[in-house]
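Work through the exercises below with the model open. Each one gives a task and then a solution in steps.

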Amino acid sequence: MPVNVGTIDRGARIVLGLALVLWAIGLIPGVQPSIWGWIGVVPLATAFFGSCPLYSLIGVSTCDKQV
């Protein structure tokens with residue numbers, strides 16, 4: 001799998017993924033837990049591996065240009 005997720009993109013995916021998983025398990029005060037929060041596993045996985053299959057399909061990369 002080619003690395004196509006840059007540093008800022010990776011950080012945003014981690015924050016979003018953690019927020020969604022916390023929502024799923026009910027750790028956000030005042031917010032009803034939802035099964036939909038488990039979709040947060042996807043951005044966490046793509047951040048961990050540094051590769052986004054959708055980016056590969058459409059030819060996008062947020063990594064710094066390599067010389």
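Contact here means heavy atoms within 4.5 Å. The model is predicted: local features need pLDDT of at least 70, side-chain atom pairs count only at pLDDT 80 or more, and totals for chains, interfaces and linings use all residues. Residues are numbered from 1 along each chain as its sequence is written, and side-chain values use heavy atoms, with hydrogens and water left out.

**Exercise 1.** Describe how helix 1 and helix 2 pack.

Solution. Two packed helices are described by the angle between their axes and the distance between the axes. The axes are lines fitted to C-alpha atoms over the stretch in contact, with angles from 0 to 180 degrees between N-to-C directions. Step two: the two helices are therefore roughly antiparallel (over 145 degrees). Step three: the crossing is left-handed, that is, the near helix is turned anticlockwise from the far one by less than a right angle. Step four: on the helix 1 side, Arg10, Arg13, Ile14, Gly17, Leu18 and Val21 meet residues of helix 2, among them Pro43, Leu44 and Phe49.

**Exercise 2.** Is Arg13 buried or exposed, and which ring does Arg13 lie over?

Solution. Step one: Arg13 is in helix 1 and counts as buried, at 12% relative accessibility (buried is under 20% relative accessible area, exposed over 50%, partly exposed in between, with a 1.4 Å probe and protein chains only). Step two: beyond four places in sequence, the contacts of Arg13 include Val5, Cys52 and Tyr55. Step three: Arg13 lies over the face of Tyr55, 5.0 Å from the ring centre (for Arg, CZ within 6 Å of the centre and within 35 degrees of the ring normal).

**Exercise 3.** How many aromatic pairs does a search of the whole structure find?

Solution. Step one: the search finds one, where ring centres must lie within 6.5 Å. Step two: the partners are Phe48 and Phe49, edge-to-face, at 5.0 Å centre to centre and 80° between the planes (edge-to-face is over 60 degrees). Step three: both Phe48 and Phe49 are exposed.

Key
Phe/Tyr/Trp six-rings, centres within 6.5 Å; stacked < 30°, edge-to-face > 60°. Helix = DSSP H or I, 4+ residues; strand = E, 2+ residues; numbered from the N terminus. Parallel < 35°, antiparallel > 145°, perpendicular 65-115°, else oblique.
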